[in-house]
Amino acid sequence: MSTIQPVRGTHDLIGEEQRRYTHVVSTARHIAGLYGFDEWSTPIFEDTKVFSRSLGDTSDVVSKEMYSFSDRDGESLTLRPEGTAAICRALVTNGLTQSLPQKVFYAGPMFRHERPQKGRYRQFHQIGAELMGAAEPLADAEAIALGFQVLKTLGVAEHVTLELNTLGDTASRDAWRAALVSYFSGYKDRLSEDSQVRLEKNPLRILDSKDAGDRALVADAPMMEEFLTPEAQTFWDDLRRTLDGFGIDYKVNTSIVRGLDYYNHTTFEFVTSKLGSQGTVMAGGRYDGLVQQMGGPEVPSIGWAAGVERLSMLLEAAPPAPRSVVIVPVGVPDETALFQILQGLRQQGIRVEIGYRGSLRKRMERAGKQNASHVIFVGEDELAKGAFRVKHMESGQEAEVSLDRLLSDAQAVFAGVGGTVAQ
């Protein structure tokens with residue numbers, strides 16, 4: 001019988017990989033809290049319309065990558081391919097559009113049926129932040145500053161560059177779209193099949209094309225900056241001035257676009273050269289019309305998402321494995337006394353394990369494999385005396401300690417025998 005394998009494009013988080021994942025998420029959660037963002041958790045599957053509306057029927061995600069299925073009631077459901085749409089849906093259905101602004105952090109698995117490759121899985125994980133209900137450039141700058149601080153705290157900011165662009169306001173985009181349609185229509189027979197469809201339905205999507213022939217045409221396409229209204233230009237100038245005030249370096253990249261109508265003004269990416277072709281580690285932008293597409297009012301919003309797997313790969317080193325105190329029974333001591341020590345130490349916030357079986361030598365070998373910092377020997381003689389040998393595994397230093405002291409101030413005990421135990 002063959003061994004059952006994980007589904008293609010999925011992976012298990014175990015050991016070092018799990019510690020990297022946990023470190024990224026917990027760090028982001030902490031920094032988001034400092035910026036006043038509260039965590040929301042939404043279901044991992046939604047009505048398919050939540051994503052087909054938000055991502056657009058012409059996007060590759062909707063047309064090729066979503067995991068959609070009909071449930072037993074015949075309703076079309078989709079495993080969430082991204083987090084922003086679900087957060088906007090939650091804002092509306094929970095009646096929070098009258099309680100703005102809302103600052104939301106989220107973390108969890110996403111699902112896309114795409115070709116697995118380095119740092120890209122079919123079940124992957126994201127962290128994200130959404131600031132909903134603020135129309136000012138300061139909100140955009142603060143969202144970007146939050147993302148930058150997460151990267152900085154993780155120790156990866158020096159390997160990442162912030163790239164920034166503007167999509168202007170509605171009037172700017174309308175004028176730009178018309179110019180793009182006029183330009184690409186002159187080369188329609190040279191466009192890829194996908195981009196010929198995009199020309200009719202969503203011409204800005206052509207700018208995202210990976211087709212080499214499309215890219216050659218895009219290089220000479222009209223630029224957004226030529227069509228900015230005075231109001232859009234002021235927003236763009238204010239954003240950059242505010243980022244300067246935050247002390248955040250950036251470079252303007254006019255090729256960063258978002259093809260859907262509800263995106264406007266700011267769009268940005270944090271990119272790195274350390275992950276090959278999968279260089280974007282965090283991306284975001286302003287989406288003032290998305291909440292309205294979910295049935296709510298127009299809510300000016302800015303947000304970003306980051307791939308946890310890619311951020312994990314950028315970490316210089318994995319967080320160290322946790323260290324334990326291991327109780328090593330000697331002979332067959334009274335179990336009630338063992339339980340008293342185990343639970344007494346755990347109640348002091350100390351990670352404690354027990355050597356279940358085997359000779360004393362085997363139990364000591366097992367303690368080493370458990371990354372034990374200290375062992376406590378518990379046998380009938382120790383119980384009779386009410387005192388136990390505590391040994392520091394690395395130095396070999398030992399001391400005899402009373403039960404009362406062990407249960408009242410264990411950290412002081414361990415500090416006196418080689419060092420404290422991380423909690």
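A helix axis is a line fitted to C-alpha atoms over the stretch in contact, and the angle between two axes is taken between their N-to-C directions. Keep that in mind for this predicted model.

Helix α5 covers residues 137-154. Helix α9 covers residues 230-246. Their axes come within 9 Å and cross at roughly 40°. Angles under 35 degrees count as roughly parallel, and 65 to 115 as roughly perpendicular. α5 and α9 are therefore oblique to each other. The crossing of α5 past α9 is right-handed.

Which residues in α5 and α9 meet? On the α5 side they are P137, L138, D140, A141, E142, I144 and A145. On the α9 side they are F235, D238, L239, T242, L243 and F246. Sorted by class, this contact holds nine nonpolar residues, one polar residue and three charged residues.

Now look at the nonpolar cores. In soluble globular proteins, nonpolar side chains tend to be buried together. The largest nonpolar core here has 83 residues. I127, M132, F184, F270 and W304 have the most contacts inside it. Helix α5 returns here: it gives this core nine residues, the largest share. There is also a second, separate core of 19 residues. V325, I376, F414 and V417 are among its members.

Take F184 as a close-up. Leaving aside residues up to four places away in sequence, F184 touches L191, L199, I206, L207, L217, V218 and A221.

S195 also touches I206. S195 sits in helix α7, residues 193-201. Is S195 buried or exposed? Buried means under 20% relative accessible area. S195 has 0% relative accessibility, so S195 counts as buried.

Finally, turn to the backbone. The peptide bond from L100 to P101 is cis, with omega near 0°. P101 lies in the loop between α4 (84-93) and β5 (102-111).

Two other residues have a positive phi without being glycine. One is H265, with phi of about 55°. The other is N371, with phi near 60°. Where do they lie? H265 is in strand β9, residues 264-272. N371 is in the loop between α13 (360-369) and β14 (372-379). H265 has a relative accessible area of 9%, so H265 is buried. N371 has a relative accessible area of 28%, so N371 is partly exposed.

Terms used. Residues numbered from 1 in each chain as written. Predicted model: local features only at pLDDT ≥ 70, side-chain atom pairs only at ≥ 80, totals over all residues. Heavy atoms only, no water. Core = buried A, V, L, I, M, F, W, Y, C linked by side-chain atoms within 4.5 Å. Buried < 20%, exposed > 50% of the residue type's maximum accessible area, 1.4 Å probe, protein only. Helix = DSSP H or I, 4+ residues; strand = E, 2+ residues; numbered from the N terminus. Contact = heavy atoms within 4.5 Å. Axes fitted to C-alpha atoms, helices over the stretch in contact; angles between N-to-C directions. Parallel < 35°, antiparallel > 145°, perpendicular 65-115°, else oblique. Left-handed = near helix turned anticlockwise from the far one by under 90°. Nonpolar A, V, L, I, M, F, W, Y, C, P; charged D, E, K, R; others polar.
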